[in-house]
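This report goes through helices, salt bridges, surface charge and backbone geometry in turn. Please keep the structure open while reading.

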Amino acid sequence: MSGTSADGIDLALVYFDHEKPALKASFYQEYPTEIHQKITALYQTSDDEIELMGSLDIELAQHFASAVNEFINQQSLKASDIIAIGNHGQTIRHRPPNGYQQHAFTLQIGCNETLAALTGIRVIGQFRRKDIAHGGQGAPLVPAFHKALLSDDEPLFVVNIGGIANITYLPNDTEQAVVGFDTGPGNALLDIWYQANNPNDRYDEGGKWSSTGTVIQPLLNHLREDKYFKLPPPKSTGREYFHAQWLNDNLSAFEQSKSLLPQDIQATLCALTAGSISEQIRLLSTTGKVFLCGGGAHNKHLLNLIKQQLNDHSVASLNALNIDGDALEAMAFAWFAYAFDKKIKGNIPSVTGASKALVLGNEYLA
């Protein structure tokens, strides 16, 4: 898995017994700054995009293969021990059918054929496009995995805070439909603003800088007026929507922005992420267990804001369930590869809006 924060590659070695996945080991390989910059440059339109995309498609697959081969060696395994690689790839553009996109599409790069050739392992990839072809958002897909992995006698939420934040709602009443959607920006705007003011760092570790600022309520209200927050689910978005220009345009439109302190803007962006997550959770259920995962779960300031706003819910890291929250999405795409082999439906129409449940992905042989 390589998420919208584009910080590195997450790998999970997963064993399946009676459809219950068990994490055996995990591995993380950070991207060099050059690769991070190449990925994020493709989130927005620019000159010569096809050339840049085609080259990066292969370069990323080479990085994926290097990480897989190192991970396998680290675990004293060989290629023949691995049934398949579930490869999500790197999303560089996600244009779902949100009512203002005429021709919906999603694009993940990190060439599956190259990955199979360089590892000697069959690859299952391209999981999102079939859902879009059947009228769905193509995202979020992970609620199907959450449903296979988790259950409780109380309403349960899984909140993944990557570049974009998404929630899965698993009702305790099995007659109720599973719900899942992107709430809006997770770390994306926080990282963009932090990097603009701290060019030698990628992110605000632990939310320390955010915690020094004061939320500017009028600016927060202005940001919350964006049309995405008003859309009903099913809905999904990406960093090609919540990007630097989106932030700059909104700050320019806010009359007082020139006199604001940078750390106050950061604190306001943190409140935007926390509020957009918490509001949607409260609308779905007034009580329940909320488990956080993804990079944003390590942001203590963000976590405290969410806990304050969800004081009627139990809020904790997914690690409280003895599940590695940092490996969860990589585990999910191992499960999608397993689901492809076992012909298990990998999307949930009530989540994505697709016309039917589907077996997702394609096979690429070594």
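Helices and strands are DSSP runs numbered from the N terminus, a helix being at least four residues of H or I and a strand at least two of E. The model is predicted.

**Helices and their cover**

Helix 11 spans residues 262-284 and contains Q280. Is Q280 buried or exposed? Q280 counts as buried, because its relative accessibility is 13% and the cut-off for buried is under 20%. Apart from neighbours within four places in sequence, Q280 is in contact with I167, F181 and T183.

Helix 5 is largely enclosed by the rest of the structure, because 6 of its 8 residues are buried. These buried residues are V142, P143, A144, F145, H146 and L149. What do the buried residues of helix 5 pack against? Their partners include four strands, namely strand 2 (20-30), strand 7, strand 8 (164-170) and strand 9 (179-185). Helix 13 (328-342) and helix 14 also pack against the buried residues of helix 5.

Helix 6, residues 188-197, is mostly covered, with 7 of its 10 residues buried. The buried residues of helix 6 are A188, L189, L190, D191, I192, W193 and Y194. Strand 9 is among the elements that cover them, together with helix 7 (208-211), helix 10 (244-253) and helix 11.

**Salt bridges**

How many salt bridges does the model contain? The count comes to 10.

| Pair | N to O distance |
|---|---|
| E49 and R93 | 2.6 Å |
| K289 and D152 | 3.1 Å |
| E225 and K230 | 3.5 Å |

The side chains of E49 and R93 meet in a salt bridge. E49 lies in helix 2 (residues 49-74) and R93 in strand 4 (residues 90-95), so this pair ties together parts that are 44 residues apart in sequence. E49 counts as partly exposed because its relative accessibility is 23%. R93, in contrast, counts as buried, because its value is 11%.

K289 and D152 form another salt bridge, and this one links distant parts of the chain, 137 residues apart. K289 belongs to strand 10 (residues 289-293), while D152 sits in the loop between helix 5 (142-149) and strand 7 (156-161). D152 is partly exposed, since its relative accessible area is 28%.

The salt bridge between E225 and K230 has exposed residues at both ends: E225 has a relative accessible area of 53%, and K230 has a relative accessibility of 53%. Elsewhere, salt bridges that share partners join E34, K38 and E59 into one network.

**A positive patch**

K356 is placed in the loop between helix 14 (349-352) and strand 12 (362-364). With a relative accessibility of 43%, K356 counts as partly exposed. K343 is found in the loop between helix 13 and helix 14, and K343 is exposed, with a relative accessible area of 54%. K343 and A357 are 14 residues apart in sequence, and their C-alpha atoms lie 11 Å apart in space.

**Backbone geometry**

Most residues other than glycine have a negative phi, and most peptide bonds are trans. The places below depart from that pattern.

Where does the chain contain a cis peptide bond between A139 and its partner P140? P140 is in the loop between helix 4 (129-133) and helix 5, and the cis bond joining A139 and P140 has an omega of about -15°. Another cis peptide bond joins P233 and P234, with omega about 5°. P234 is placed in the loop between helix 9 (227-230) and helix 10.

D48 has a phi near 60°, a positive value in a residue other than glycine. D48 lies in the loop between helix 1 (33-41) and helix 2, and D48 is exposed because its relative accessible area is 54%, where exposed means over 50%.

Notes. Residues numbered from 1 in each chain as written. Predicted model: local features only at pLDDT ≥ 70, side-chain atom pairs only at ≥ 80, totals over all residues. Heavy atoms only, no water. Buried < 20%, exposed > 50% of the residue type's maximum accessible area, 1.4 Å probe, protein only. Contact = heavy atoms within 4.5 Å. Salt bridge = Lys/Arg side-chain N within 4 Å of Asp/Glu carboxyl O.
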